[in-house]
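Please examine the sequence and the structure before reading on.

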Amino acid sequence: MNMNVKYFDHAATTSVDERVLKEMLPYFSENYGNPSSVYSIGKENKEIINIYRMKIANILGARVNEIYFTSCGSESDNLILKGIAFANKNIGNHIITTQIEHPAILDTCKFLEKFGFKITYLKPKENGIIDINDLEKSITRSTILISVMFANNEIGTIQPIKEIGEIAKKNKIFFHTDAVQAIGNVDINVKEYNIDALSMSAHKFYGPKGMGVAYINENVPFMRMQDGGHQERNKRAGTENVAGIVGTGKALEIATMELSKYNTHIKKLRDFYISEIMKRIKYVKLNGDLEKRLSGNANISFSGVDGSLLLEELDKKNICASSGSACSAGLLNPSHVLLAIGVPKNLARSSLRITFGKENTLEDTKYLVDNIEEIVNRLRH
Ligand SMILES: *Cc1c(COP(=O)(O)O)cnc(C)c1O
């Protein structure tokens with residue numbers, strides 16, 4: 001890999017923190033036992049898994065038996081939505097979500113519609129935040145689940161999770177939040193927020209790829225989606241990814257410990273970036289709320305500039321950025337998130353998502369701004 005790469009796409013993925021990697025390594029080699037085995041190198045790994053499960057539970061304010069390890073954020077979203085929907089079908093068939101969720105939620109909802117579930121997709125306000133009154137009005141007697149993301153992956157907006165949790169509790173509806181973007185950026189306590197289920201993904205907070213966590217409150221009935229062995233208390237079959245679990249726990253521990261330092265750092269760079277862009281380039285629009293957004297996110301539309309061309313030109317300068325979610329990159333379709341918040345199609349196609357991370361410097365950010373200014377001027381001519 002080119003060591004001169006300037007990486008501004010931390011919402012897509014992050015590198016594994018060296019301390020995380022170091023903690024994981026023994027579980028690829030000497031400590032390779034299967035946690036389900038009866039001999040000691042297996043049993044030791046079962047204990048290791050539970051130590052890391054406990055660390056994660058403590059950080060989230062959950063119980064140790066409420067933490068399930070999965071293979072990614074998408075799997076956690078699938079398991080929680082399908083698992084809760086099918087297990088509670090006798091109570092009701094209505095689910096409330098938003099138009100700006102990640103495809104792992106939206107496509108799972110489309111799947112559930114084929115099985116008789118009714119889904120309400122709330123449209124957020126122009127600032128990217130849902131209206132609590134809309135949520136309350138959409139609740140019916142058959143509503144079993146509300147699924148609203150904690151923070152958006154494209155525009156970084158943070159939803160009123162506490163209020164949503166209170167409404168869900170008052171109406172005896174389960175509340176799930178896709179917290180994949182929020183974990184490592186926001187302090188989250190599931191009991192305080194009345195969250196019944198939560199998804200996270202390790203590679204978004206300097207942990208390994210291929211590791212997800214699903215928190216599911218012990219009082220929420222859910223059906224297992226992956227059949228086979230008795231792992232994860234019979235709720236998710238498959239030999240545990242011991243190294244991945246260790247890496248996830250360690251990464252979350254570091255993220256929690258360094259949360260305020262991290263936020264201060266990335267917010268400084270992000271605010272510098274936004275103010276320089278606004279000062280130096282005409283006809284630009286910041287998408288999403290100014291205040292209620294993740295510290296490292298800036299999503300800006302450059303009127304008259306094709307977003308995919310802009311990315312290609314940035315790539316020639318060794319700059320990694322995104323037009324929105326990684327899942328829709330490469331496609332000409334404008335982002336469903338930007339369209340949902342009322343950004344016109346042409347402006348949605350000219351958006352650039354910059355997401356800052358711990359290795360970024362002010363120097364890198366100046367390089368980024370200089371190049372964007374030069375490229376935007378060139379492409380507009
Ligand atoms: C990245 C992401 C996911 C998917 O996580 P994976 O581990 O890549 O499957 C889900 N939701 C949001 C909000 C994300 O940003």
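Q: Does Tyr 262 count as buried or exposed, and at what relative accessibility?
A: The model is a predicted one. A residue is buried when its relative accessible area is under 20%. The value for Tyr 262 falls under that cut-off, so Tyr 262 counts as buried, at 13% relative accessibility.

Q: How many aromatic pairs are there?
A: Two rings pair if their centres lie within 6.5 Å. By this rule, the number of aromatic pairs is eight.

Q: What kind of aromatic pair do Phe 150 and Tyr 193 form?
A: The ring centres of Phe 150 and Tyr 193 are 5.7 Å apart, and their planes make an angle of 85 degrees. Planes over 60 degrees apart count as edge-to-face. The pair of Phe 150 and Tyr 193 is therefore edge-to-face.

Q: How many residues apart in sequence are the parts that the pair of Phe 150 and Tyr 193 ties together?
A: Phe 150 lies in the loop between strand 5 (143-147) and helix 6 (161-170). Tyr 193 lies in the loop between strand 6 (174-178) and strand 7 (197-201). The pair therefore ties together parts whose separation in sequence is 43 residues.

Q: Is Phe 150 buried or exposed?
A: Phe 150 has a relative accessibility of 3%. Because the cut-off for burial is under 20%, Phe 150 counts as buried.

Q: Which residue has its charged end over the ring of Tyr 206?
A: Tyr 206 itself counts as buried, at 6% relative accessibility. The charged end over its ring sits 4.2 Å from the ring centre, and it belongs to Lys 358.

How values were computed
Residues numbered from 1 in each chain as written. Predicted model: local features only at pLDDT ≥ 70, side-chain atom pairs only at ≥ 80, totals over all residues. Heavy atoms only, no water. Phe/Tyr/Trp six-rings, centres within 6.5 Å; stacked < 30°, edge-to-face > 60°. Helix = DSSP H or I, 4+ residues; strand = E, 2+ residues; numbered from the N terminus. Buried < 20%, exposed > 50% of the residue type's maximum accessible area, 1.4 Å probe, protein only. Lys NZ or Arg CZ within 6 Å of the ring centre and 35° of its normal.
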